[in-house]
Amino acid sequence: MNFRDGAHNLYHIIVAIRYLGLQLLWYFLQIIVSAWYYILIAGNIFESYFISYGVLKKYKSLHIGKLQYLAIVIESEDAHQTSKVVKLLQWLDSVGVKNVCLYDMNGVLKKSKETIFQTLKNAKSIEEVNEDVTHHAPDHMTLEFISYVDGKEAVAKAANLIFVKNFKQHNIGGVLDHQISLEPHLNQALQIVGCKGPEPDLLLVYGLVRSHLGFPAWRIRYTEIVHMGSLNFMRYGSLIKAIYNFTKVRHNYGT
């Protein structure tokens with residue numbers, strides 16, 4: 001009995017040591033990952049400051065002509081900070097970005113657009129520009145304001161147009177096309193109802209969530225999306241880096 005009791009106790013001791021060892025290993029891995037994460041954050045902050053003060057020379061040569069249309073997605077809670085949004089637009093204007101689409105889910109930015117236009121004297125609404133916004137004269141900045149509701153209404157209008165057209169064709173003896181809602185037909189319908197809109201080359205997301213937050217999907221088929229973190233911690237250097245990286249990549253969109 002003593003031998004069995006001793007073996008049983010030894011077994012429990014080994015199990016406890018093993019469990020303790022696994023816990024220590026797990027905590028050690030957590031410390032390493034957390035340390036690496038904070039090192040990356042610190043590195044990005046220092047790099048951002050170096051870019052802002054012109055220490056990193058390569059970021060001074062921006063081929064801004066490759067960025068014809070830029071979209072900015074902001075979480076609705078952060079979108080209330082109009083002063084930060086204006087500052088972000090001023091940074092973009094200073095580097096030559098002239099066509100910007102501002103989006104948040106709840107339409108906060110749309111409600112603040114009068115204040116934004118009063119502050120940015122050279123900015124115009126996309127509705128005021130008659131020509132193709134991606135080819136307008138670079139003497140002003142063109143701004144577009146959209147929200148999640150705009151996307152829902154656009155899809156509803158386009159779907160209704162497709163249904164009516166298909167129903168009319170069926171009534172006059174045509175064949176009911178059950179596949180008419182394919183992408184080409186939807187794009188054409190969106191164009192007809194005036195909801196197609198320019199497709200952004202680059203989309204910057206300011207928020208905690210790595211998502212485009214409901215930005216109209218049909219407008220970002222070939223768009224490069226970059227998560228920028230919270231608007232509260234926006235940095236000029238990070239903005240320049242995102243634009244620079246976009247302009248340095250060769251984009252093959254196909255035919």
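Which residues lie nearest the centre of the largest pocket? In this predicted model, they are Asn44, His227, Met228, Gly229 and Arg235, part of a lining of 23 residues. Residues are numbered from 1 along each chain as its sequence is written, and side-chain values use heavy atoms, with hydrogens and water left out. Because the model is predicted, local features need pLDDT of at least 70 and side-chain atom pairs count only at pLDDT 80 or more, while totals for chains, interfaces and linings use all residues.

The largest pocket holds about 730 Å³ of space. A pocket here is an open set of points on a 1 Å grid over the protein atoms alone, where a 1.4 Å probe fits, with protein on both sides within 12 Å along at least five of seven lines; lining residues have an atom within 4 Å of a point. Its volume is the space filled by probe spheres set on the points, which are joined across faces, edges and corners. α1 (2–52), β6 (224–229) and α8 (236–248) each supply at least two lining residues. Helices (H or I, at least four residues) and strands (E, at least two) are DSSP runs, numbered from the N terminus. The largest share, eight residues, comes from α1. By class, the lining has eleven nonpolar, eight polar and four charged residues. Ala, Val, Leu, Ile, Met, Phe, Trp, Tyr, Cys and Pro count as nonpolar, Asp, Glu, Lys and Arg as charged, and the others, Gly among them, as polar.

The largest nonpolar core has 39 residues. Such a core is a set of buried Ala, Val, Leu, Ile, Met, Phe, Trp, Tyr and Cys residues joined through side-chain atoms within 4.5 Å. Buried means under 20% relative accessible area (1.4 Å probe, protein chains only), exposed over 50% and partly exposed in between. Leu89, Leu92, Leu143 and Tyr206 have the most contacts inside this core. Elements that each supply at least two of its residues include β1 (70–74), α3 (82–94), β4 (141–146) and α8.

Leu92 is found in helix α3. Its relative accessibility is 0%, so Leu92 counts as buried. Beyond residues up to four places away in sequence, Leu92 touches Leu70, Ile72, Val97, Val100, Met141, Leu239 and Ile243 (contact means heavy atoms within 4.5 Å). Leu92 and Leu239 are 147 residues apart along the chain, yet their C-alpha atoms are separated by 8.5 Å.

A second, separate core has twelve residues, including Leu203, Val205, Leu213 and Phe215. Leu213 is found in the loop between β5 and β6. Its relative accessible area is 14%, so Leu213 is buried. Phi of Leu213 is near 55°, a positive value in a residue other than glycine.
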